Amino acid sequence: MAILKMDKAVIYGLHANRKSILEELHKREIIDVSEVLGEDFVRKETGKSISQFENILRLSEQALEILGEYVPEKSGLFSSRKTLGVKKYNMNSTQSNQVYKTARNIVDISDKIRESFENIRTIETKQAALAAYTGLDAPLNVTGTESTSVKAGLLYGLWTEERIKSLLAENELDKVYFEILSASKEYTSLWFVFAKSHEQNMRSFLLDLGFSEPLVTSHHLTEKKIKLLNEEIKKIKAQTEVYETEIKELCERRRDIELLCDHMRLRIEKYQVLGMMGMTEHTFTAQGYIPKEYSSQIKELLESKYSAFVELSEPDNPEDAPVALRNNSFSAPVEEIVATYSMPSGVDIDPTPIVAFFYYLFFGMMFGDAGYGLMVMAACGYLGFSSYLEKKKRKNYQMFFYCGVSTTLWGLMYGSFFGDIIDVIPQTFFGVEYSLKPLLLNPVESSLFLLIFSVSIGLVHVLIGLSIKFYMLIRQKKIVDAVLDIGLWGLVLLSVAMLGLGMGIAGAAVPEVSTPPLLKAISYLGLNLKEMGADSVLSAIGMYGAIIGGVGLVITGGRKSPSIPGKVIGGVVGLYDITGYVSDSLSYCRLMALGLASGVIGNVVNLLGSMGGASVVGVIMLLLVGAVGHLLNFAINMLGAYVHTNRLQYVEFFSKFYEGGGRKYTPFSMDTKYYVFSED
Amino acid sequence: MGIFWALLGAALAVGMAGVGSAKGVGIASEAAAGVVVDDPSKFGRLLVLQLLPGTQGLYGFIVAVMVLLNTGILGGEAPTLTAGFVFLAACVPIAIGGLISGMAQGRVAASGVNIIAKKPAESSKAIVSASLIELYALLAFIISFLMVINVNTVTAAVA
């Protein structure tokens, strides 16, 4: 239930045993390695090897991606890593070289395929350019005869023979023959034959017209050239198909490439640890943190099996040690929520068990529907507790399973099961009045009470946060701060709570017959207390407590200020913090609002669904509208419950005491992507 | 005439809060789309931010439904003129609160998308920041809700 105690371990060993010790530690996944410092040691240069491994890894992953494009692999939403015996995973260098070559090959082939596609595109552009000259019965590269010149090309826009003729006449170019090959709105293609003597004039004439010569020429007739190019495309396509089948065949090697990827990942991890070791001529030194409960076991193992020497000690500075949390199975799933905020620092206690209790409580109150809760329990119970997922991935689902349990309980408290479906079905189809009675209250009818109830739970939550801070300060021997800063505020809040309770008891009345059982019980409890006169006692205690606390805060709040005016102002200003506590407590009204929201929207879905009345159509309609509507409501309210539960923990609760900033314990472990390696 | 004012209130509650949510979700989703282009695997985390400004619309919807139920319109009754006005007044908090907080939350969610794009590990901080605004929508909702469900008793007492 707490932060795990860590031992600092320094391992001395011979180079001969280095590899096996490294592998042993890698497999055990227990030591959080840190760098060995000191001038007596030489460090092994590992950067080069690591970047080489990283290149291989990158290329192999690329190859896998390419394989995935050609032969997609079915992978579920929750695909797990495959298990592989340790013998198979130990690739020797010939094997890994061979697989690497395959991966390289796949990448090369895929490059070639891409190149082919580019070539085809180029050829197609050529064909498009040639298409304009299909009417020309001479190859495009003909430039003329001894005394004549030939020019084919394009003019932009639509041109007529008359227009060109008149332009030629205007420019006194009489010895010119031309033919229009094709004409469209975009361009007109044509060719000219003219006497060599006109060469100069013709050139400037054409330039003025914006005449452009063909981008592609050929010694074949244009039509033939296009056909030839077609054949070329066919050839390239055939080749591409060959490449594609090659890749598809290489898909068989996918497992090997995956193994290579994992192999490289492991080697990178090992070399990173190697780089942190200190070396002498014959020995090496590694250093790290091991949880205390395992440290002696590891020491014994390394010393007996690998003739190493392991020195265990308390961490020199507790702040340096990495932080790991250990909790019972009920609260452990919430560790991740705490870790996402920040790992506890040396002065913190592990808040996980308290966070867990309130996490489940708040989630349940905000989601508040037994039907939805059962759905969550079924799905997350399976994912969280069966062997379908790997152990590390189950925690999250376990958390939601407990949230689902709480949701179901609160659904019964509120009398909500898929909204009011239990009331709606008998009423719509059989005309029978039946209803699921809430145990505690109906959120719509007793919304004000639920609001007060929510804020009260919030007040309790905030007070617990303050108590933890109080305890932390006492533990740090800051007793004055604990009493004056935290204790007095606690007194004020507690007094306010008592005042509220007193008022509540004073207002207790005999409940109506239809009141749900638990609310009725609360009402009678209130009545009894009222008879005993508890309300006036509580009010009195609350009032005096609040006054004492408030005065205490004003007097002591500015004690750290050096000047007298500073002390006075500090005290008064400090009292202003009350706004913070008020808004924090009010913030818990979301417990009521979101709980209400999921119930009311569920009811509306049922209302809409039951409009078809008692008929076959009505049944189908209820099923359809109900399924879609409840799924939507489920999704959006579960999201809301999740987000706001986190918020209440992080913003309202953690801000009261949590320092955070600890370094997370991340042991040297086999962080693979595709395979889990087992011992046998 | 009472029915007109009551329905106007319901319409404003669901309409204005809905506009706030639509705008908010819109702003957040536009930002999120930019990130998904580069890294589709972040979609799940981004979805939370995209949907956060969507709750205002729901609150408006609930208030509108409560108006419909409490006026008895669904049962074929019509509220008095006074009651109609009071229902309209009761809808104002969530209409205005939902409209503006939805848009504001959308902007915060959009900046949160930025956080997720650059530092995915800090996504919970982005989500918590966006949820800070939610409180004001919630307060508006609770006030509207409490007003709506008590209109009938109050107007009966006045009459």
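**Chain B and its partner surface**

Mentor: Let us take chain B, where 87% of the contacts between residues at least 6 apart in sequence join residues at least 24 apart; two residues are in contact if their C-beta atoms, placed from the backbone, lie within 7 Å. Please note that this is a predicted model, in which local features need pLDDT of at least 70 and side-chain atom pairs count only at pLDDT 80 or more, while totals for chains, interfaces and linings use all residues. Residues are numbered from 1 along each chain as its sequence is written, and chains are lettered from A and ligands numbered from 1 in the order in which they are written.

Chain B contains 5 helices and 0 strands (DSSP runs, H or I of at least four residues for helices and E of at least two for strands, numbered from the N terminus). Its elements therefore read α-α-α-α-α from the N terminus on. The C-alpha trace of chain B spans about 60 × 20 × 20 Å along its principal axes. Of its 159 residues, 53% count as buried, that is, 20 or more other C-beta atoms lie within 10 Å of their own.

Chain B also touches chain A: 20 residues of chain B are in contact with 22 residues of chain A. On the chain A side, helices H10 (335–341), H15 (447–475), H21 (590–609) and H22 (616–657) each supply at least two residues. H22(A) gives the most, with 9 residues. By type, this side of chain A divides into 14 nonpolar, 6 polar and 2 charged residues (Ala, Val, Leu, Ile, Met, Phe, Trp, Tyr, Cys and Pro count as nonpolar, Asp, Glu, Lys and Arg as charged, and the others, Gly among them, as polar).

Notes
Buried ≥ 20, exposed ≤ 12 C-beta atoms within 10 Å, placed from the backbone.
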